[in-house]
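Q: Please take a close look at one part of this model, namely its salt bridges and the strand and core beside them. Which charged side chains pair, and how exposed or buried are they?

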Amino acid sequence: MAQQFPPQFKSRLALLVFLKGAAAPMVLYFENPKAEYEDFLNAIKTGANVARVIEKEPTGPIKKVAIMSNQIASVALQE
């Protein structure tokens, strides 16, 4: 009989940014992704009236990103 071992992996919460005209979403990792998610949602809501540049420094493979708020189609959180 085999012993059951607990899983030894960590899951991270990622912020997915769907851009207009892009086939795949941009996957960004942050220390506090829920706060960044709310920031992106606010940018989308106000981006219809005034376009602004959103600059972030995520952790992970992408080190720095700059996006126009009117080019964001949607955002999501994924574990």
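A: Glu57 and Lys64 are both exposed. In this predicted model the two form a salt bridge, with 3.8 Å between the closest N and O atoms. The count of salt bridges comes to three.

Lys56 takes part in a network of salt bridges that also links Glu36 and Asp39. With Glu36, the N to O distance is 2.8 Å. Lys56 belongs to strand S3 and Glu36 to helix H1, so this pair ties together parts 20 residues apart in sequence. With Asp39, the N to O distance is 2.5 Å. Asp39 also lies in helix H1, so its pairing with Lys56 in strand S3 ties together parts that are 17 residues apart in sequence.

Lys56 has a relative accessible area of 14%, so Lys56 counts as buried, the cut-off being under 20%. Glu36 is buried as well. Asp39, at 26% relative accessibility, counts as partly exposed.

Strand S3 spans residues 53-56. Its covered face holds Ile54 and Lys56, while Val53 and Glu55 are on the uncovered face. In general, side chains in a regular strand alternate between the two faces of the sheet. S3 runs antiparallel to strand S4 (residues 65-68), and four bridges join the two. Val53 stands opposite Met68 of S4.

Ile54, on the covered face of S3, is part of the largest nonpolar core, which has twelve residues. Other members include Phe40, Val65, Ile67 and Ile72. Strands S1 (14-19), S2 (26-29), S4 and S5 (72-78) and helix H1 (33-47) each give two or more residues to this core.

Thr46 is found in helix H1 and is partly exposed, with a relative accessible area of 45%. Between the C-alpha atoms of Thr46 and Ser69 the distance is 8.3 Å, and the two are 23 residues apart in sequence. The charged end of Arg12 sits over the ring of Tyr29, 4.1 Å from the ring centre. The count of aromatic pairs is zero.

Methods: Residues numbered from 1 in each chain as written. Predicted model: local features only at pLDDT ≥ 70, side-chain atom pairs only at ≥ 80, totals over all residues. Heavy atoms only, no water. Buried < 20%, exposed > 50% of the residue type's maximum accessible area, 1.4 Å probe, protein only. Pairing = 2+ DSSP bridges. Core = buried A, V, L, I, M, F, W, Y, C linked by side-chain atoms within 4.5 Å. Phe/Tyr/Trp six-rings, centres within 6.5 Å; stacked < 30°, edge-to-face > 60°. Lys NZ or Arg CZ within 6 Å of the ring centre and 35° of its normal. Salt bridge = Lys/Arg side-chain N within 4 Å of Asp/Glu carboxyl O.
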